[in-house]
Amino acid sequence: MQMSHHIDPNDLGPNGRAEKVSAGKLHAAQYIVAGILIVLITGLWRLQVLGADNFRALAEANRIRKVPILAPRGRLFDREGRLLVDNYPSVSCYLLREQVKDFDADLPLISQGLHIPIEQIQATLRRYQIAPKYQPIPLKQDISPDEQAFIAAHRDELPELETLDEQRRLYPRDGFAAHLIGYVGEVSEQMLDDPRYAFYSPGDVVGRSGVEQTYDSLLRGKDGSRDVIVNSHGKELGHLGQELAVPGKDLKLTIDLDLQIAAEKALDGKNGAIVAMDPHTGEILAMVSRPTYDPNQFSVRLTKNYWNEIINNPDHPLLNKSLQAQLAPGSTFKIIMSVAGLQENVAQTMHVSCNGGAEFYGHFYACDKHHGAVDINNAIPYSCDTFYYTLANRLGIDTIAKYATSVGLGQKTGIDLPDEVAGTMPSTAWKLKTQHDKWFAGETISVGIGQGAVTATPMQLARALSGIASGGVLRRPHVVFADEVPSDMQQAIQESFPGSGDATIPLTTENWQLITDAMANVTSSPIGTAYAAHLEGVDFAGKTGTAQVIGHDALAKTNKGHNTEPNAWFVGMAPRRNPDIVVAVLWEHGNWGNNSAKLASQIIDAYVNKQRKLDNNIRIAATPEPAKPEPAKPTNPTSEAPTVPSAE
Amino acid sequence: MPRFSSYRDFDWVLLGFVLLLSLISVLEIKSATLHTKFHGFDHKQIQFLAGGIFLMFVISLIDYHRLIDIVHWAYGVSVLSLIAVLIVGTKVLGGRRWIKFPGGIHFQPSEWVKLVLILAVARYFWGLAGKELTWGDIGKAAAMVVVPMALVLKQPDLGTALTYLPILICGLFLGGIRVKQVGLVVLALALIGGVAWKSGKHLKPYQQARINAFMDPDSDPRGSGYQIRQSLIAVGSGGIWGKGANKGSQTQGDFLPIPYTDFIFAAFCEEHGFVGAIGVLLLYFLILMRLIQNAQTASDLPGSFIIMGVVAVIVFQIAVNVGMVVGLMPVTGIPLPLLSYGGSSVLFTFLSLGIVMNIRMRRFVN
């Protein structure tokens with residue numbers, strides 16, 4: 001039978017129906033098929049030829065996960081290289097949000113396995129909402145071996161969980177030097193808003209106070225990362241390469257561990273602060289504030305209980321009282337008064353007769369004793385208020401303020417630690433500016449004995465005494481040696497912590513000798529207020545201060561369980577001229593300056609003993625071994641005696 | 001009446017192309033399941049292919065006129081089996097599509113209904129040959145296809161239900177629908193579709209999500225957009241030459257969803273690139289041209305109709321599946337004939353080819 005492409009009567013079947021499909025339509029079908037395939041090929045061309053690079057990058061991103069390698073944080077040592085702060089390995093659990101399919105369904109299991117309440121996980125997620133999706137969220141730090149096993153066992157169901165080996169901070173126990181060292185914690189939202197923290201991401205661990213905060217950028221190093229090939233379930237299939245972490249720099253602090261121990265012991269069970277420094281360099285040798293806290297609690301899962309305990313403690317354990325307690329300096333201020341009085345040529349010739357106080361401007365100002373005839377030489381050891389009331393009255397507030405400011409009162413010292421406060425040194429200009437009122441001459445009288453509007457921190461007093469005792473050069477205190485820090489960072493730190501910096505005090509040699517001799521009598525003479533703290537054979541000098549925390553009248557009225565005992569101050573040094581060490585002690589409600597002097601003497605004692613031991617060692621090392629008697633040979637030409645060839 | 005048929009007239013060239021595609025299929029299934037729990041599916045696919053080829057030869061021996069004679073019975077049984085699926089079917093992935101027989105055999109009636117519809121439509125239009133189509137004729141043809149379609153949609157299995165449409169369209173086209181009628185039908189369908197989409201009542205939420213994902217794949221990259229996004233990445237990252245067999249990171253890393261069934265072409269494109277993909281599409285082109293040629297040489301009208309029905313279904317599946325993989329179509333669960341893993345799909349394809357061979361072998365016989 002002939003093939004035909006047309007319907008014609010021959011193609012009709014037995015019942016007269018067409019037996020063939022129109023050939024035109026079948027041709028059309030061929031074109032339709034070809035057309036569809038061309039459209040599909042165009043689609044493939046678009047993806048595989050034009051978009052290949054873009055999609056290749058996406059495919060890489062799909063299977064490569066950057067696993068961070070955390071840089072170990074730099075350790076901290078004391079000035080002799082003794083370890084203060086170390087790291088220990090720990091494992092943390094992270095949430096990879098890109099791996100999450102149905103988090104609400106997984107939540108109960110995660111909560112149960114990691115022992116974290118569901119609400120807490122949800123709160124964490126909310127906190128990280130702004131963070132990019134690829135960034136892992138820390139769910140729990142320092143997880144237990146059981147929790148690690150849980151994560152490993154549920155890898156298939158919970159591909160979003162990832163563990164990460166980390167280094168955790170290990171601080172000395174019992175809050176030792178806690179305020180100086182500081183602590184680390186997760187970067188806070190407020191910090192992230194601060195341009196200085198622009199390079200930090202949520203979840204980063206940063207120094208939150210003390211040296212940890214100031215030198216964070218040096219201590220933290222630089223995190224690296226490892227490129228891991230994973231499948232869609234997060235299972236590792238291999239890895240490509242890695243960028244190693246740059247460990248943080250180890251830092252040597254100016255702290256002397258022995259002195260720090262002595263200072264910690266001295267303040268044990270008390271509230272207050274101790275600062276010990278090298279007056280020639282501004283190096284801080286010891287710094288203690290009490291009460292203290294445990295910085296380890298901050299570096300790993302700070303519990304709500306511990307936080308509440310710290311925050312609600314009326315003695316404010318987080319406060320570094322060395323830098324943040326601004327209190328009336330009491331009679332320690334008399335040293336500054338003496339400088340002012342002598343330099344103004346007023347005090348040399350001043351003689352007062354102390355009968356337990358004196359009257360100024362119609363008001364009686366009391367002294368705690370009848371000192372009788374007092375001049376500048378015994379005014380300091382007696383701590384005679386009457387003398388200084390009179391001196392203050394003669395000098396006037398602005399002259400006093402000029403000298404007090406020159407030794408750094410009313411300004412930050414610029415120490416390389418956060419949150420220092422400035423204290424107050426009143427003057428007529430100060431009062432006009434802050435209280436829009438004029439200064440009354442009567443107010444000057446109280447300032448003369450370190451009461452009234454004048455306030456200072458232990459650090460300011462230590463520095464002021466350092467300047468006076470060393471002959472007039474005031475150093476910027478610091479806790480990290482300058483050569484430990486790159487110069488650009490030193491610059492940045494000095495700018496972040498502005499203070500008066502190094503300065504020279506107007507003080508003649510004669511006056512310097514007079515003041516330091518008088519201070520020596522405070523501790524070494526039986527007439528001195530701190531004779532009880534004297535150290536046999538040690539040239540230990542200083543000045544006590546007993547500062548009322550509340551006025552006499554108010555004291556009579558109040559009875560509310562507040563501690564109304566005066567604050568006990570002492571600033572001391574050894575030896576009296578060109579001292580190697582200056583100590584400032586604040587014992588809150590310690591009652592008498594004498595009590596603080598005894599604490600200071602413990603630190604001076606530790607210092608002197610250590611120096612003696614060192615000196616002895618040097619002396620022993622320097623002593624030549626006794627020569628063995630060698631009677632047989634009177635001379636030994638072959639031994640150490642060099643035979644120098646004669647130069648001809 | 002058929003008296004004699006010979007394997008000399010069997011389309012060996014067509015079979016060659018088909019077997020070449022089947023080989024590619026087996027290799028790609030092997031690659032795509034290499035690191036998964038579906039490892040070994042390539043062996044199962046070989047068994048399906050063997051069964052399919054056997055059935056192809058068997059059905060080629062039965063004169064297709066006999067099949068047309070009994071198609072009204074088959075159609076009845078089809079509709080009943082689809083109803084049965086809805087009542088006693090095994091629920092898999094949220095849909096009832098399979099009837100489970102003792103001995104672990106799963107049977108998906110909707111696949112073989114395709115074949116029955118092809119035969120039924122051929123028979124129907126044969127009866128109308130030489131006559132101008134009236135609205136009544138069009139309505140009856142539409143009803144014949146829409147009834148099983150509705151039952152399959154109910155399962156729900158939008159993908160398979162949609163494959164019935166090209167059978168109807170092909171029938172109407174070859175059966176002589178007039179341009180004016182086409183315009184009105186398209187208008188009506190567009191209207192119904194528009195209203196259905198607007199009211200949203202006739203699409204499951206997941207189906208709406210798929211269409212949304214198609215419009216904007218990045219809108220929900222972890223949700224409904226995930227599949228299409230991963231598929232585009234797989235295809236695109238394959239580039240011109242591909243990443244090599246068993247080396248596709250999207251396929252091997254389990255990022256590409258179901259890379260051995262609906263997304264097998266994406267897996268193939270990733271590993272063999274634009275060049276490989278063109279090769280496969282060329283093979284399809286050759287197969288389809290060969291089929292249309294067989295329709296041209298068929299000895300009678302129902303033969304041509306049946307072959308063109310098969311062509312329509314295969315073209316539609318290629319267009320929808322490959323279109324989906326390259327992002328030109330929304331995600332629909334339609335297998336790619338001869339490439340996707342799956343017994344029902346393999347059996348349908350080879351039974352269809354068996355009937356095509358059957359028609360070809362009888363092209364000189366009357």
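This note sets out points on the predicted model of chain A.

1. Basis. Residues are numbered from 1 along each chain as its sequence is written, and chains are lettered from A in the order in which they are written. Because the model is predicted, local features need pLDDT of at least 70 and side-chain atom pairs count only at pLDDT 80 or more, while totals for chains use all residues; side-chain values use heavy atoms, without hydrogens and water.

2. Overall composition. Chain A holds 24 helices and 21 strands (DSSP runs: helices H or I, at least four residues; strands E, at least two; numbered from the N terminus). Of its 648 residues, 51% are buried (under 20% relative accessible area, 1.4 Å probe, protein chains only).

3. Contacts along the chain. Taking contacts (heavy atoms within 4.5 Å) between residues at least 6 apart in sequence, 71% join residues at least 24 apart.

4. Strands S11 and S12. In chain A, S11 (residues 272–277) and S12 (residues 284–290) form a hairpin with six residues between them. Their pairing (at least two DSSP bridges) is antiparallel, over six bridges, and A:Ala273 stands opposite A:Ser289. In the turn, A:Gly282 has a positive phi of about 85 degrees. Strand S12 is largely enclosed by the rest of the structure, because seven of its seven residues are buried.

5. A:Val447. This residue lies in helix H19 (residues 441–447) and is buried, at 1% relative accessible area. Beyond neighbours within four places in sequence, the contacts of A:Val447 include A:Phe333, A:Trp439 and A:Val454.

Note on methods:
Buried means under 20% relative accessible area, exposed over 50%, partly exposed in between (1.4 Å probe, protein chains only).
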